[in-house]
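Trainee: I would like to learn how to read a model one feature at a time. Please show me the entry, then take me through it.

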Amino acid sequence: MEYTEDTEVVKQWAPLIMDGRKKNEQIAATRMDLGTDVNFGSLTRDMFNHLKALPNVSLNFNHEIRDLKKNKDGNWIIKVKDLETKEKRKRVAKFVFIGAGGGSLPLLEKSDIPEGKGFGGFPVSGQWLKCTNEEIIKQHHAKVYGKAAVGAPPMSVPHLDTRMINGKQALLFGPYAGFSTKFLKNGSFLDLPKSIKFNNIRPMLSAGLQNLDLTKYLIEQVRQSPEDRLEALKEYLPTAQLKDWELEYAGQRVQVIKKDEKKGGILEFGTEVVSAGDGSIAALLGASPGASTAVSIMIELLDRCFKEDLTTEEWQAKMKEMIPTYGKELANDAKLCKETRTRTSRILEIEKA
Ligand SMILES: Cc1cc2nc3c(=O)[nH]c(=O)nc-3n(C[C@H](O)[C@H](O)[C@H](O)COP(=O)(O)OP(=O)(O)OC[C@H]3O[C@@H](n4cnc5c(N)ncnc54)[C@H](O)[C@@H]3O)c2cc1C
């Protein structure tokens, strides 16, 4: 990493953010050359295509899980609706993983496992300004991250972001937060009220009372006019003009609220894997569970729900084949860290390592 307080150096790294800035303005930046975009949408589609081609794997798209219940024999009975044909079916499963984004909490509540009691969710939506001017897009080649405003949740760190979307360079700025009672982008306004149960009402109320900063931040964000949003953008791009940017709704996050002995309830900004004591079901809750943290979450999940299998030679060999550094501490091994970065950069065809 390189650190500088020299405006000329920052100008070389990201010229647009220095354009139009006052000469005496103090500025500091840290730069890391290594890194790349990952389009998790394409990655998911590629993985699904691979899975579809495997024998003994069946994938169902456009199916909704309506209910799930544990049978006396320990298996789970899942009620599914085909959203195209409207046909309803039942499926039996030995193990269930609930990875349904904002839909995870309602499904966890339906599973009725004791470990799932006391959890609640608080929805925060995300919006972005997307640049529409090709000339500006061409001039910025970096992901410039700042700091979250006081009282703002950590995932609201503003960034001016070059992204390659389906091979085309784009420039985004955000996120701006919004409020909706929906748990999924195309969910229902009743999602939040319907998620409130007897066992989570106290944690939810306590978390609300302790996070007035967040409430204030969200109210301010929701009330923002296009000019207010432009002002925020101008902190990063002083020459920005409203006509070159359009607002896009990006998605919905559901913050976890959980029971706390001392405080009644706390609002969490991270990810929470909730699993049953017998390891037969696990749910992934949280504001940013799925993308960049997906692999480490899944390793934790295997450790919780497939503990015995994971100790077998076969599973260990498979894990090491998939993740060569599995079980090793990269943070304490500079040589291995460098080798891994070089290997990853070679595979991903990133020039510098
Ligand atoms: C504005 C914004 C910016 C972000 N930026 C980043 C970033 O830069 N890096 C990063 O790592 N992460 C980022 N995230 C977070 C990341 O997008 C999510 O963590 C990730 O998409 C979660 O993946 P998921 O598969 O767990 O859930 P989702 O992507 O929400 O998918 C859940 C799926 O489950 C389906 N579903 C729900 N209920 C049911 C049901 N009952 N039956 C069947 N299907 C159901 C939904 O329809 C949906 O298709 C961002 C999120 C937002 C909102």
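This is a predicted model: local features need pLDDT of at least 70, side-chain atom pairs count only at pLDDT 80 or more; totals for chains, interfaces and linings use all residues.

Trainee: How many residues of H4 are buried?

Mentor: Start with the terms. Buried means under 20% relative accessible area, exposed over 50%, and partly exposed in between (1.4 Å probe, protein chains only). H4 is mostly covered, with six of its eight residues buried. They are Ser104, Leu105, Leu107, Leu108, Glu109 and Ser111. An α-helix has 3.6 residues a turn, so residues three or four places apart point the same way.

Trainee: What does Ser104 touch?

Mentor: Contact means heavy atoms within 4.5 Å. Leaving aside residues up to four places away in sequence, Ser104 touches Ile98, Gly99, Leu284 and Leu285. Ser104 counts as buried because its relative accessibility is 0%.

Trainee: Which strands does H4 lie across?

Mentor: Angles first. Axes are lines fitted to C-alpha atoms, for helices over the stretch in contact, and angles run from 0 to 180 degrees between N-to-C directions. H4 (residues 104–111) lies across E6, E13 and E14, at about 145° to E14. H4 also lies across E3 and E4, at about 30° to E3. Helix H10 (residues 294–305) lies across E6, E13 and E14 too, running at about 20° to E13.

Trainee: In what order do E6, E13 and E14 stand in their sheet?

Mentor: Strands of a sheet pair through backbone hydrogen bonds, either parallel or antiparallel. Here, two strands pair if DSSP finds at least two bridges between them. The order is E6-E14-E13, in an open sheet with mixed pairing. Strand E6 (96–98) and strand E13 (271–275) are the edges, each pairing on one side only. Neighbouring strands are turned by 15° against each other on average, direction ignored.

Trainee: Which pair is parallel and which is antiparallel?

Mentor: E6 and E14 pair in the parallel sense over three bridges. Val96 has Ile281 as its bridge partner in E14. E13 and E14 pair in the antiparallel sense over five bridges. There, Val273 stands opposite Leu284, and Ser275 stands opposite Ala282. E13 and E14 form a hairpin with five residues between them, and Gly279 in the turn has a positive phi of about 70°.

Trainee: Which residues of E14 point which way?

Mentor: In a regular strand the side chains alternate between the two faces of the sheet. From E14, Ile281, Ala283 and Leu285 point one way, while Ala282, Leu284 and Gly286 point the other way. Six of the six residues of E14 are buried, so E14 is largely enclosed by the rest of the structure.

Trainee: How is the sheet with E3, E4 and E5 arranged?

Mentor: E3-E4-E5 is an open sheet of three strands with antiparallel pairing. E3 and E5 stand at the edges with a single partner strand each, so one side of each has no neighbour in the sheet. The twist averages 25° from one strand to the next. Seven bridges join E3 to E4. His63 stands opposite Asp82 in E4.

Trainee: Which residues have a positive phi although they are not glycines?

Mentor: Lys86 is one of them, with a phi of about 70°. Lys86 is found in the loop between strand E4 (76–82) and strand E5 (88–93). At 54% relative accessibility, Lys86 is exposed. Glu349 also has a positive phi, of about 60°. Glu349 is in the segment after helix H13 (334–348), and is exposed at 71%.

Trainee: Where is the cis peptide bond?

Mentor: The bond runs from Gly174 to Pro175, with omega near 0°. Pro175 is in strand E10 (residues 168–178).

Conventions
Residues are numbered from 1 along each chain as its sequence is written. Side-chain values use heavy atoms; hydrogens and water are left out. Helices (H or I, at least four residues) and strands (E, at least two) are DSSP runs, numbered from the N terminus.
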